[in-house]
Amino acid sequence: MLVAVLMFSLMDALLKLLSEHYPPFQVATLRGISSLPFVLVWAIASTGLKPLLKVRWPLHLLRGVLGVGMMAAFVYGVNRLPLSTTYSIFFIAPLLITALSGPMLGEQVGPRRWVAIGIGLLGVVVLLRPSGEGMLSLAALAVLGASTAYAISAITVRLLARTDSTQAMMLWLMVMITFGSGALAWSGWVPLRGEDWWLILSLGVFGTVGQYAITEAFRLGEASLIAPLEYTALIWGVILDLSLWGVLPDSITWVGAAIIVASGLYLLRRERVHTEAEHP
């Protein structure tokens, strides 16, 4: 998960750079198509073609729809917000994953963890600034929507992992993001600039490695245990914001992020206690 967070942080910085010149659905298309050749070659070489076709198509389709919406909403948000602010809002996703792991995966989520989830939601309210411009910001709400789609998608990985391979999950997600976003972006497609090709190639490398790492993380680990590790993205977000755009989070962002991270770390601690109680 830590490798995935680093790779996706670098990828998100590239998405932000590309979003300065191209619309959200086109950037989402570039994210998918830049990774697709790498994933396709690796998937066929490691499993062959047949296992890639015998999959649970309804869940893959659901994950593809969620992926298209998540990518476009995230790109829209990150274009208008600093990376660190975007990540702070996106941190609601691990809380949602923990909440959904109960009804959707049958994992036990006790009352103390529900309280922690509630406190984390208060942190999101702080970030959105209900008395200021934050709550009215379409960018902030877009990131919030992206985090919700991501949480549901992460749960589908756990469901798909019972029958489908990592290769199939990665391949069909990239295919659906590429063609789904491409169809939506086609009418407003902006010609690619020559100087952006290295960004697109790097986007494919970082995205492929990150997608493999995060798919394996959710396939092999307890969703409510590994999800809080995504909070390390805030460190990378601050570093990238400062080095590339010369900005730092404001005090309200730090307060809201601290509340959410504290809730996530408590969830992680409660999960460890629960696991040790089941396996003394």
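A crossing of two helices is left-handed if the near helix is turned anticlockwise from the far one by less than a right angle, and right-handed if clockwise. In this predicted model, the crossing of H2 and H9 is left-handed, whereas H6 passes H8 in a right-handed crossing and H9 likewise passes H10 in a right-handed crossing.

**Helices H2 and H9**

- Helix H2 spans residues 24–47 and helix H9 spans residues 166–185; the two pack with their axes 7 Å apart, at an angle of about 150 degrees.
- Angles over 145 degrees count as roughly antiparallel, and H2 and H9 are therefore roughly antiparallel to each other.
- The residues in the contact of H2 with H9 comprise 15 nonpolar, 11 polar and 1 charged.
- H9 is mostly covered, since 16 of its 20 residues are buried.
- From its first C-alpha to its last, H9 reaches 28 Å, close to the 28 Å expected at 1.5 Å a residue.

**Thr-29 in helix H2**

- Thr-29 lies in helix H2 and has a relative accessible area of 5%, so this residue is buried.
- The C-alpha atoms of Thr-29 and Ile-177 are separated by 6.5 Å, although the two residues are 148 residues apart along the chain.
- Setting aside neighbours within four places in sequence, Thr-29 is in contact with Thr-178, Ser-181, Gly-182, Ala-185 and Trp-189.

**Helices H9 and H10**

- H9 also packs with helix H10, which covers residues 197–220; the angle is about 130 degrees and the axes are 10 Å apart.
- That angle makes H9 oblique to H10.
- On the H9 side the contact is made by Thr-166, Met-169, Met-170, Leu-173 and Met-174, and on the H10 side by Thr-208, Gln-211, Tyr-212, Thr-215, Glu-216 and Arg-219.
- Sorted by class, the residues of the contact of H9 with H10 are 5 nonpolar, 4 polar and 2 charged.

**Helices H6 and H8**

- The axes of helix H6, residues 92–105, and helix H8, residues 138–160, come within 9 Å and cross at roughly 40 degrees.
- The residues of the contact of H6 with H8 divide into 14 nonpolar, 3 polar and 1 charged.

- Helix H12, residues 233–245, has 13 residues and reaches 17 Å between its first and last C-alpha, close to the 18 Å expected at 1.5 Å a residue.
- The residues Ala-233, Leu-234, Gly-237, Val-238, Leu-240 and Asp-241 are buried in H12.

**Thr-86 in helix H5**

- Thr-86 has its place in helix H5, which covers residues 83–90.
- Residues under 20% relative accessible area are classed as buried, and Thr-86, at 0% relative accessibility, therefore counts as buried.
- Not counting residues up to four places away in sequence, Thr-86 touches Phe-74, Gly-77, Val-78, Leu-81 and Val-143.

**Ser-251 and Thr-253 in helix H13**

- Ser-251 is placed in helix H13, residues 251–278, and Thr-253 is also found in helix H13.
- Ser-251 counts as exposed because its relative accessibility is 55%, whereas Thr-253 counts as buried because its relative accessibility is 3%.
- Ser-251 and Leu-127 are 124 residues apart along the chain, and their C-alpha atoms are separated by 10.0 Å.
- Leu-127 is also one of the contacts of Thr-253, which, leaving aside neighbours within four places in sequence, include Thr-85, Ser-88 and Arg-129 as well.

Note on methods: Residues numbered from 1 in each chain as written. Predicted model: local features only at pLDDT ≥ 70, side-chain atom pairs only at ≥ 80, totals over all residues. Heavy atoms only, no water. Axes fitted to C-alpha atoms, helices over the stretch in contact; angles between N-to-C directions. Helix = DSSP H or I, 4+ residues; strand = E, 2+ residues; numbered from the N terminus. Nonpolar A, V, L, I, M, F, W, Y, C, P; charged D, E, K, R; others polar. Expected span 1.5 Å × (residues − 1). Buried < 20%, exposed > 50% of the residue type's maximum accessible area, 1.4 Å probe, protein only. Contact = heavy atoms within 4.5 Å. Parallel < 35°, antiparallel > 145°, perpendicular 65-115°, else oblique.
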